[in-house]
Amino acid sequence: MSIWWSLHLRREAASVPLARRLLLGTMETAGVDPDISYDLSVALTEACANAVEHGGDATRGGSSEAYRVTAYLDGEKCRIEVIDSGPGFARAQGLRPARADAEHGRGLWLIRELADHVHIGDKPGRGGTVVSFDKMLKWKKDPSLLTA
């Protein structure tokens, strides 16, 4: 089975739960194990929150900039990409890792812990960051997509 979708979202906090709900609904319908779905939804939430907070270009009115989320469920793997229009990841490399008790700055670490493979880098061309991650899927015994 192969399912994919892509969203073009405003950089607003309200967009984050929308992307998360769509991912969870897609995975539930496809019959993905709830633990895997949860891990990927948390990783997606962190990537979207980073795009909302850091992904705009202030010179172009950063508050109205958008970001894109694409999810691919293909065979035994789910790949998620979050692409923004911010200054790019390379410019942010000088940031120090967050302390364990910090309220902010742990999102990328969490994504790395929850996914099997993670790539974070600059978007080719006009700037921005691409956060891409994937995870091998496990399936429920009775997926609703197959029983409908």
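Predicted model: local features only at pLDDT ≥ 70, side-chain atom pairs only at ≥ 80, totals over all residues.

S37 lies in helix 2. Leaving aside residues up to four places away in sequence, S37 touches L24, M27 and V32.

From this residue I turn to the core. In soluble globular proteins, nonpolar side chains tend to be buried together. Here the largest nonpolar core has 33 residues, and L40, L44, Y67, I80, V82 and F133 have the most contacts inside it. Several elements give two or more residues to this core, among them strand 1 (2-10), helix 1 (15-30), helix 2 (34-54) and strand 5 (129-136). Which element gives the most to this core? The answer is helix 2, with nine residues.

Helix 2 also has a packing partner to consider. Two packed helices are described by the angle between their axes and the distance between the axes. For helix 2 and helix 4, the angle is about 155 degrees and the axes are 9 Å apart. Angles over 145 degrees count as roughly antiparallel, and helix 2 and helix 4 are therefore roughly antiparallel to each other. Their crossing is left-handed.

As for the residues involved, helix 2 brings D39, V42, A43, E46, A47 and N50, which meet G107, L108, L110, I111 and L114 of helix 4. Sorted by class, this contact has seven nonpolar, two polar and two charged residues.

How values were computed: Residues numbered from 1 in each chain as written. Heavy atoms only, no water. Core = buried A, V, L, I, M, F, W, Y, C linked by side-chain atoms within 4.5 Å. Buried < 20%, exposed > 50% of the residue type's maximum accessible area, 1.4 Å probe, protein only. Helix = DSSP H or I, 4+ residues; strand = E, 2+ residues; numbered from the N terminus. Axes fitted to C-alpha atoms, helices over the stretch in contact; angles between N-to-C directions. Parallel < 35°, antiparallel > 145°, perpendicular 65-115°, else oblique. Left-handed = near helix turned anticlockwise from the far one by under 90°. Contact = heavy atoms within 4.5 Å. Nonpolar A, V, L, I, M, F, W, Y, C, P; charged D, E, K, R; others polar.
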